Amino acid sequence: MPDLLLELFSEEIPARMQRKAAGDLKKLVTDALVDGGLTYEGAKEYWTPRRLALDIRGISVRSADIREERKGPRTDAPEQAITGFLRGAGLESIDQAEVRSDPKKGDFYVAVIEKPGREAADIIAGAMPAIVQNFPWPKSMRWGEASREAGSLRWVRPLHSILCTFGPETEEPEVIPFEVSGIASGNTTRGHRFLSPGTITVKRFDDYVSGLEKAHVILDAERRKEIILQDAKNLAFAQGFELVEDAGLLEEVANLVEWPTVLMGEFDAAFLDIPPEVVQLTIRENQKCFVVRKQGEENLANRFLLVTNIIPSDGGKEVARGNGKVVAARLSDARFFWESDLQQTAKEGGFDEWVKGLDNVTFHARLGSQGERIKRIMMLAESLAPVVAAASVNNLTGSKARPAAAPARSGSEAARGSAENLAKLAKRAAFLAKADLQSAMVFEFPEVQGKMGRRYAERAGEDASVALAIEEHYKPLGPTDDVPTDPVSVTVALADKLDTLTGFWAIDEKPTGSKDPYALRRAALGVIRLLLENGVRVQLDRLFDAQILLCEIDTADDDDQAALLKAVLHEIATHGVFSAAVRAIIDRIEGDAPEWVEKITGHKPDVSDDLLSFFHDRLKVFLKDEGVRHDVIDAVLTRHSDDLLAVTLKARALQKLVETDDGENLIQGYRRAANILSAEEKKDTKIAETVDPDLFETDEERALFETLEDVEKLATNAIEAEKYEEAMSRLASLRAPIDAFFETVHVNAEDGKVRANRLALLARIRAATATVADLSRIGG
């Protein structure tokens, strides 16, 4: 079967566009083959800075012949119906249709449409011009004389030639002829721009690859990456250094060269006084170079590795020297930013000036400035501090955590002191969290936000936990990123993400489909990981209510009213109940602001419940990735579940239970009991309110009742102690007495009292299991 080789040769394609463009080319061409009725065995895309290439193997020689029968109207149908049938079938006259008979419906017309197959080369030649003309570049250009004409070809950079050969390995391949804006397809390409600029004649893919390599072009981007990485490691090792690997930079530089050569450059060691992340970022962003460190050390060395697209005649000395001069100039700029920021933070109240400046930085047009947002985060961090402190203590002692609706009622002065200290530190960290956005360094290099804030805070003498939280409050940035464990970092990270989520929900800017411009899914996953991995118990529903209202209050016009409402809100967020002080404030403003009072005193299900549902969806994805079954998650998760830590612990415990024989049999027994109860309840059969042991007629009834008595008490105690695995284990002990009950006891006894008593016993089984999970959601 024939193979297709396609190459689109142009001026240099931006590195960030190459991989996707090659993938788009593969999809467009293979889709065109399939739409044309062809099949193929496999396709592989390739790219270099100057070309997109496609190798498709095992294409069918021609498309299959098609014979289609299209049923039409009866022969005595109105003329209008027959005319419509002819038009739809593509027939010129009714004489071209066949007449068929049906014993019930009579005679009717049938159009027999036969379409002969087409040669694969013709299908490809017909599809390619449209593919090139309409290629989905994110940015494109026109060039030359033709650019003056409407509809002229647009390409990312000027397109020079198209190579398109087709044929089996055993025969001479043919050039598939077509033309796009005056560029005719052929069988030639070009080598390296500088090292081998001549023309190369190509037959098929194998000699295409070998011909390019002889002309100093490595077609496979993955191979270029491997060459760069290994050469960089070897060169660094030979000089007593080790490479600081950077996958993103490696991908970029591999798409900047066709024949990579790795060289080492040098810069003044005095620049190493700049923070290492700034040195690395400066060299990476401006010169696309890698940094190195001395073997076995963490600190950077004053060397860098660059990748050229040529083979320098002097071994690369001049190239390295020139790059070193540019690196030094860029590092000088970075040092200026660093020293300017240090001078600012060294002043008394230097950080405060940066924070004040955030009042002039818009976070979102409908959510106010960064300064307003900082105030909300501070308030929320102060409210969250007690539960994070409780979790920290519990993680050390192994005791259970308290939910956030009733925070900071520890049994010891030490615990209260810990919560108060954490609240103070978290509030300070939240105040400084975004301050470095005003720094010269972050303005120049946004990627180092947080990291620079930490360094400035350390230099200014801030508490170590406060400085750490300034950097870590952005974490986790993804599913594989580390989760903060320091209590101050956890508190501020939660406050930051929860404010973001509640704010955008308050203005109805939620993710839709694949669109999530504000990374709200990532923020929700970050909250989930922070809660679960740090054992923090928070009742999210009430917190959402409070924080959503706070976002609305920040937009209030009347400053006095907003201040009063904030006081109310603080009490709600802190205590979850209306204290006498809160009631007094409400009474004071009730006459002037009934609408706001209604909002504060009422629940906001339309917004907070929707946000909670969003968290449930993220939690389901998180737990499924852990290997928890979807039906197990459904069994422990209700629409009102807002303690995600408790849900997760229950799900993990139930997962272990259902994987055992006892668990599987317990679920079968539960299902049998539930089905019997459901059927009897539909018939309005009488079920006793309580179980009467005096009505038992068998030992199995008595044994099940006694086990239930013990299990209900022990399981309830285990749940209150948040020992969910123990609770599941207690439920599993019901397996044997339930099995014995159903083997020997006839539930629908003739005696009505005995039957009602036995049904009440089954109801006790259903109620006992419901305290832990809804076992009816577990699949059979």
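**Ground rules**

I number residues from 1 along each chain as its sequence is written, and side-chain values use heavy atoms, with hydrogens and water left out. As the model is predicted, local features need pLDDT of at least 70 and side-chain atom pairs count only at pLDDT 80 or more, while totals for chains, interfaces and linings use all residues.

**Entry 1: the largest pocket**

I started with empty space. Rolling a probe the size of a water molecule over the atoms shows where such space is left. My pocket is an open set of points on a 1 Å grid over the protein atoms alone, where a 1.4 Å probe fits, with protein on both sides within 12 Å along at least five of seven lines. Lining residues have an atom within 4 Å of a point. Points are joined across faces, edges and corners, and the volume is the space filled by probe spheres set on them.

The largest pocket holds about 740 Å³ of space. I count 28 lining residues, and Lys434, Gln449, Tyr474, Leu477 and Arg522 lie nearest the centre. Two or more lining residues come from each of β17 (362-364), α10 (370-397), α15 (487-506) and α16 (520-534). Helices here are DSSP runs of H or I with at least four residues, strands are E runs of at least two, and both are numbered from the N terminus. The top contributor is α15, with 4 residues.

I then sorted the lining by class: 13 nonpolar, 6 polar and 9 charged. For the record, nonpolar covers Ala, Val, Leu, Ile, Met, Phe, Trp, Tyr, Cys and Pro, charged covers Asp, Glu, Lys and Arg, and the others, Gly among them, are polar.

**Entry 2: the second largest pocket**

This one has about 360 Å³ of space. Its lining has 13 residues, with Glu277, Gln280, Glu447, Val448 and Lys451 nearest the centre. The elements giving two or more residues are α7 (276-287) and α13 (451-459), and α7 gives the most, with 5. What does the lining look like by class? I get 2 nonpolar, 1 polar and 10 charged residues.

I found a cis peptide bond from lysine 475 to proline 476, with omega near -5 degrees. Proline 476 sits in the loop between α14 (464-472) and α15.

Next I looked at positive phi in residues other than glycine. Lysine 288 has phi near 55 degrees and lies in the loop between α7 and β15 (290-294). Is lysine 288 buried or partly exposed? At 26% relative accessibility, lysine 288 counts as partly exposed; my cut-offs are under 20% relative accessible area for buried, over 50% for exposed and partly exposed in between, with a 1.4 Å probe and protein chains only. Glutamate 722 is not a glycine either, yet has a positive phi of about 60 degrees; I place it in the loop between α25 (699-720) and α26 (724-732).

**Entry 3: helix α5**

I checked the span of α5 (residues 221-238). The expected span is 1.5 Å times one less than the number of residues. For 18 residues that gives 26 Å, and the end C-alpha atoms are 26 Å apart, so the two agree.

The buried residues of α5 are Ala221, Arg224, Lys225, Ile228, Leu229, Ala232 and Ala236. Looking down the axis, I see them within an arc of 130 degrees, so they line one face of the helix; the arc is that of the directions from the helix axis to the C-beta atoms. The face turned away from the buried side carries the exposed residues Glu226, Phe237 and Ala238.

At the start of α5, a side-chain oxygen of aspartate 220 comes within 3.0 Å of the backbone nitrogen of glutamate 222. Just after α5, glycine 240 takes a positive phi of about 85 degrees.

Aspartate 55 is in strand β3 (residues 51-57) and is buried, at 6% relative accessible area. Its side chain makes a polar contact of 2.9 Å with that of arginine 57. I call a pair of N or O atoms within 3.5 Å a polar contact; within protein, one must be able to donate a hydrogen and the other to accept it, and residues adjacent in sequence count only if both atoms are side-chain atoms.

Serine 185 is in strand β10 (residues 183-186) and is buried at 14%. The serine 185 side chain reaches the backbone oxygen of isoleucine 176 at 2.6 Å.

Leucine 762 belongs to helix α28 (residues 752-770) and is buried at 0%. I noted 8.6 Å between the C-alpha atoms of leucine 762 and tyrosine 670, which are 92 residues apart along the chain.
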